[in-house]
Amino acid sequence: MRKVFSVVGAIALLVALAGCASDSPASDPNSSTNSSVPTPDANLIPPAAGADVKAIDYTLFDVGYDEYLFKAGDGPVWCTVNSVENWALCEMNEAAAEYSPIPPPSDCQGSYGYQIKLYADPANKPGFICSGGYYSDASVAQTLNSGEKITVGDITCYVNDITARCDNKSGQYTALGPKVWAAVN
């Protein structure tokens, strides 16, 4: 009888672990596998920066510690690009979000759905992070205007109106604005 309970327990554990290993629908704004996770209108996600986007010297946004901070136009979004750890983190105040709240993972005891991170390394999936506060101080950020971009290492970020989009060289990207977010692997 113990053997039967052990086998049933092992099967239940495998099923539970398989569910944990699946990709979260929040990581792909076009995913419709879970209707409880709201997805913004994909038409609001800025396309990749085109040739008409003006490159700006990233050193103008240097805030020390090998980090570069910019505010996305006149909007509520600001982004930090870390040149040593090779990531970009875009964030905004929760009150500025016009999209539906993103359900946090069960282990998140902080704010979720307002800070989105992209790594240069494609092995790390882009997505929202659980946060206990802001990473950077937006009040000291220089403005990156709509139609401008900066490239720091393997990450390029640009502004489309008041939405920031950051891409790595592997084609992964994140976008954050008051009406839209995206984390595409």
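Colleague: Hi! In the hairpin of β8 and β9, which residue takes a positive phi?

Modeller: Gly153, near 60°, in a hairpin with 2 residues between the strands. This is a predicted model, where local features need pLDDT of at least 70, side-chain atom pairs count only at pLDDT 80 or more, and totals for chains, interfaces and linings use all residues. Residues are numbered from 1 along each chain as its sequence is written, and side-chain values use heavy atoms, without hydrogens and water.

Colleague: How many bridges pair β8 and β9?

Modeller: There are 4, in the antiparallel sense; strands are DSSP runs of E, at least two residues, numbered from the N terminus, and two of them pair if DSSP finds at least two bridges between them. Thr151 has Thr156 of β9 as its bridge partner.

Colleague: And what about β9 and β10?

Modeller: Those run antiparallel too, joined by 6 bridges, and Tyr158 is partnered with Arg165 in β10. Their hairpin has 2 residues between the strands, and Asp161 in the turn has a positive phi of about 65°.

Colleague: Switching topic: which residues have the most contacts inside the largest nonpolar core?

Modeller: Phe70, Val77, Cys90, Tyr99 and Leu176, in a core of 32 residues. A nonpolar core is a set of buried (under 20% relative accessible area, 1.4 Å probe, protein chains only) Ala, Val, Leu, Ile, Met, Phe, Trp, Tyr and Cys residues joined through side-chain atoms within 4.5 Å.

Colleague: Which strands each supply at least two residues of that core?

Modeller: Among them are β2 (67-72), β8 (148-152), β9 (155-160) and β10 (163-168). Another core lies apart from it, with 6 residues including Ile45 and Tyr173.

Notes: Buried means under 20% relative accessible area, exposed over 50%, partly exposed in between (1.4 Å probe, protein chains only).
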